[in-house]
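Me: Could you walk me through this structure? I have not seen it before.

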Amino acid sequence: MLPLDNKKLNEIAKLEKAIKERWGDEAIKTPQSDWDETKEKEYKEQQKEFAQKIQSNDSESLEDQKGFFITKRLLSKESKSKCSTCSSQIKTLKDETCKTKWDTCFKCYVQWVEGREERWKEGWRPNEDHKSKIS
């Protein structure tokens with residue numbers, strides 16, 4: 001670390017003062033000032049729980065394939081890049097957005113969901129007769 005001379009220390013003090021005036025004492029307080037043994041114990045407990053959760057998720061989702069561990073999602077035959085309504089490929093950002101929220105491509109969203117979101121959330125889906133009339 002470079003040595004600080006009085007000029008640099010004064011600049012730092014001036015910046016801290018301006019920050020304090022604009023955003024208050026909390027903005028310039030060091031995080032260590034509120035840290036105590038109780039918070040340290042809580043933090044370490046949270047770390048342990050998180051590590052256990054990650055480890056359990058990893059062990060459940062990995063499958064041994066000829067000496068290699070592969071996530072089960074990669075072995076899934078179901079394509080996540082197809083519209084569940086018309087089976088077309090998800091290609092555009094609009095398609096991806098609609099797929100994430102409504103499980104359809106953008107075209108099917110406009111055709112079947114837009115303006116009828118409640119019905120869609122309740123589980124209604126177009127049957128083959130509806131689909132064939134549109135195609």
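**Overall layout**

Reply: From the N terminus on, the elements of the protein chain follow the order α-α-β-β-α-α-α-α-α. Helices (H or I, at least four residues) and strands (E, at least two) are DSSP runs, numbered from the N terminus. This is a predicted model, in which local features need pLDDT of at least 70, side-chain atom pairs count only at pLDDT 80 or more, and totals for chains, interfaces and linings use all residues. Residues are numbered from 1 along each chain as its sequence is written, and side-chain values use heavy atoms, with hydrogens and water left out.

Me: How many helices and strands does the protein chain have?
Reply: The protein chain has 7 helices and 2 strands.

Me: What share of the residues is buried?
Reply: Buried residues make up 11% of the 135 residues in the protein chain. Buried means under 20% relative accessible area, exposed over 50%, and partly exposed in between (1.4 Å probe, protein chains only).

Me: On to H4 and H5. At what angle do their axes cross?
Reply: The axes of H4 (residues 93-102) and H5 (residues 106-113) cross at roughly 55° and come within 8 Å. The two helices are therefore oblique to each other. Axes are lines fitted to C-alpha atoms, for helices over the stretch in contact, and angles run from 0 to 180 degrees between N-to-C directions. Under 35 degrees counts as roughly parallel, over 145 as roughly antiparallel, 65 to 115 as roughly perpendicular and the rest as oblique.

Me: Which residues make that contact?
Reply: H4 contributes Lys-94, Asp-95, Cys-98 and Trp-102, while H5 contributes Phe-106, Lys-107, Tyr-109 and Val-113. Contact means heavy atoms within 4.5 Å.

Me: And where does Lys-94 lie relative to Phe-106?
Reply: Lys-94 lies over the face of Phe-106, at 4.9 Å from the ring centre. A charge sits over a ring if NZ of Lys or CZ of Arg is within 6 Å of the ring centre and within 35 degrees of the ring normal.

Me: What about the loop between H4 and H5: is Thr-104 buried or exposed?
Reply: Thr-104, found in that loop, has 0% relative accessibility and so counts as buried. Not counting residues up to four places away in sequence, Thr-104 touches Cys-83, Thr-85, Asp-95, Cys-98, Lys-99, Tyr-109 and Trp-120.
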